[in-house]
Amino acid sequence: MALVDRPALGVTWILDGLEATLGSALGGFLKDPHLSLGLSDAQIGLGATIYLIGQVVGALVFGFATDRLGRKKLFYSTLIIYLGGTALTGLSWNFATFAVCRFVARAGIGGEYSAINSAIDELIPTRVRRRWI
């Protein structure tokens with residue numbers, strides 16, 4: 001991976017952390033039927049579960065595809081999937097569309113993690129890798 005691509009790996013970690021923080025903070029807002037989707041507590045919990053399942057599915061699917069198609073190509077593809085899913089979440093009109101968009105966004109991040117871990121394997125020598133991870 002080129003030197004210019006390496007900062008992009010870190011940026012995705014930052015975006016994921018920011019998104020997780022904002023998602024947690026907006027849980028109460030998502031319950032308000034006048035200002036947002038009016039989700040129930042159960043729907044918010046199910047949305048978080050779907051979000052996690054999306055990450056696992058994304059890591060498995062895109063991790064396998066990364067081995068076949070190349071890390072750089074999949075890295076940018078999963079970044080676009082993640083950003084698209086996140087942006088589309090803001091356009092959700094009910095719980096079903098919200099859940100699908102969150103699943104897609106997290107699948108993209110699962111794929112990003114596969115690319116990031118692969119890059120770490122390449123960039124950091126084996127003898128010192130344990131100290132960096």
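Mentor: L52 has its place in helix α3, residues 41-69. Keep in mind that this is a predicted model.

Trainee: Why is L52 called exposed?

Mentor: The relative accessible area of L52 is 52%. The word exposed requires over 50%, so L52 is exposed.

Trainee: What makes L52 part of a surface patch?

Mentor: A patch residue needs over 30% relative accessible area, and L52 has 52%. Nonpolar side chains are joined within 5 Å. L52, I53, V56, V57, L60 and V61 make a nonpolar patch of about 530 Å².

Trainee: Which helix holds R102, and is R102 buried or exposed?

Mentor: R102 lies in helix α5, residues 95-123. Its relative accessible area is 10%. Buried means under 20%, so R102 is buried.

Trainee: How far is R102 from L52 in sequence and in space?

Mentor: They are 50 residues apart in sequence, and their C-alpha atoms are 9.1 Å apart.

Trainee: What does R102 touch?

Mentor: Leaving aside residues up to four places away in sequence, R102 touches E19, Y51, G85, T86 and T89. To count as a contact, heavy atoms must lie within 4.5 Å.

Trainee: G85 and T89 are on that list. Which residues of α4 are buried?

Mentor: In α4 the buried residues are R71, L74, F75, T78, L79, Y82, G85 and T89. Seen down the axis of α4, they fall within an arc of 140°, so they line one face of the helix. On the other side, K73, I80 and A87 are exposed.

Trainee: How many helices and strands does the protein have?

Mentor: There are 6 helices and 0 strands. From the N terminus on, the order of elements is α-α-α-α-α-α.

Trainee: What share of the protein counts as buried?

Mentor: Of its 133 residues, 38% count as buried. R102 is buried too, with its 10%.

Trainee: What makes up the accessible surface?

Mentor: The accessible surface is about 8000 Å², and 70% of it belongs to carbon and sulfur atoms.

Notes
Residues numbered from 1 in each chain as written. Predicted model: local features only at pLDDT ≥ 70, side-chain atom pairs only at ≥ 80, totals over all residues. Heavy atoms only, no water. Helix = DSSP H or I, 4+ residues; strand = E, 2+ residues; numbered from the N terminus. Buried < 20%, exposed > 50% of the residue type's maximum accessible area, 1.4 Å probe, protein only. Arc of directions from axis to C-beta. Patch = residues over 30% accessible without salt bridge, like charges linked within 9 Å, V, L, I, M, F, W, Y side chains within 5 Å. Areas by Shrake-Rupley, 256 points an atom, 1.4 Å probe, with all protein chains shown as cover. Salt bridge = Lys/Arg side-chain N within 4 Å of Asp/Glu carboxyl O.
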